Amino acid sequence: MTAAAGTGGKGSLRPAVFLDRDGTINEQMGYINHLTRFHLLPGVGEAIRNLNAHGLPVVVVTNQSGLARGYFPESLLDQVHETMHRLLALDGAHVDGLYVCPHHPEAKEERFRLACTCRKPRPGLLEQAAADLNLDLRRSYVVGDRWSDVRCGAAVGATSILVLTGYGRGDAAFVGPSHPVQPAHVAEDLAAAVDWILARERLLGTADLASETR
Ligand SMILES: [Mg+2]
Ligand SMILES: [Zn+2]
């Protein structure tokens with residue numbers, strides 16, 4: 001593992017908010033195999049802008065096994081992410097990092113065919129982001145619509161929040177009740193999850209670090 005480029009001085013680690021993509025940021029449509037299938041969910045831009053304003057790094061972590069399965073090319077994934085960044089920017093919001101797992105054990109393309117350590121619920125994407133951006137995973141949050149997101153957060157000691165958008169309502173009804181790992185909070189959508197995070201950060205006294213040097 002490589003050390004992140006230091007900013008000089010003390011390596012103070014920051015909490016971050018990790019966001020799942022499909023079903024959390026954009027409407028759950030199965031594979032986003034065409035640009036026309038990428039629709040931001042209501043209130044997402046404002047919610048992310050709210051995190052930006054409080055100085056909490058926002059990192060998108062997403063499994064995209066459609067690449068491994070040959071359902072769409074990397075060029076489409078790039079276009080989808082350009083669209084995501086552009087739509088968020090229209091709302092005055094930005095993400096600080098974007099990490100994608102393109103792998104699957106039964107991938108059509110050999111370069112993507114492996115049992116990797118980054119496909120959620122494995123924590124590889126979070127660990128890479130933490131190394132790159134000096135993040136404290138144990139003080140971070142993971143927000144997603146599937147139990148795999150909840151488990152991913154739990155795997156690194158972060159605080160997990162399930163949103164009821166995307167697959168969330170069904171996972172809450174049919175996966176959650178018998179699962180040993182539970183989220184710290186269940187929120188109607190990303191905006192509600194962000195409100196909960198910011199209230200909790202205020203209690204802990206760690207938010208509003210916007211003036212921190214970069
Ligand atoms: Mg999802
Ligand atoms: Zn992977």
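Student: Where is P121 found?
Tutor: P121 lies in the loop that links β3 and α4 (124-133). Helices (H or I, at least four residues) and strands (E, at least two) are DSSP runs, numbered from the N terminus. The model is predicted: local features need pLDDT of at least 70 and side-chain atom pairs count only at pLDDT 80 or more, whereas totals for chains, interfaces and linings use all residues. Residues are numbered from 1 along each chain as its sequence is written, and chains are lettered from A and ligands numbered from 1 in the order in which they are written.

Student: Which residue is joined to P121 by a cis peptide bond?
Tutor: The partner is K120, and omega of this cis bond is about 15 degrees.

Student: And what is the phi of N134?
Tutor: Phi of N134 is near 55 degrees, a positive value in a residue other than glycine. N134 belongs to the loop between α4 and β4.

Student: How many helices and strands does the chain have?
Tutor: The chain has seven helices and six strands. Read from the N terminus, the elements follow the order β-α-β-α-α-β-α-β-α-β-α-β-α.

Student: What does the C-alpha trace span?
Tutor: Along the principal axes of the chain, the trace spans about 45 × 40 × 40 Å.

Student: Changing topic, in what order do the strands of the sheet come?
Tutor: Six strands make up an open sheet, ordered β3-β2-β1-β4-β5-β6, with parallel pairing. At the edges are β3 (97-101) and β6 (185-187), each of which pairs on one side only. Strands pair if DSSP finds at least two bridges between them.

Student: How many bridges link β1 and β4?
Tutor: Strand β1 (residues 17-19) pairs with strand β4 (residues 141-144) in the parallel sense over three bridges. The bridge partner of L19 in β4 is V143.

Student: At what angle do α1 and α7 cross?
Tutor: The axes of α1 (residues 44-53) and α7 (residues 190-204) cross at roughly 20 degrees and come within 8 Å. That angle makes α1 roughly parallel to α7, a label for angles under 35 degrees. Axes are lines fitted to C-alpha atoms over the stretch in contact, with angles from 0 to 180 degrees between N-to-C directions.

Student: Which residues of α1 and α7 meet?
Tutor: On the α1 side, V44, E46, A47, N50 and L51 meet L190, A191, V194 and L198 of α7; contact requires C-beta atoms, placed from the backbone, within 7 Å.

Key: Angles under 35 degrees count as roughly parallel, over 145 as roughly antiparallel, 65 to 115 as roughly perpendicular and the rest as oblique. Two residues are in contact if their C-beta atoms, placed from the backbone, lie within 7 Å.
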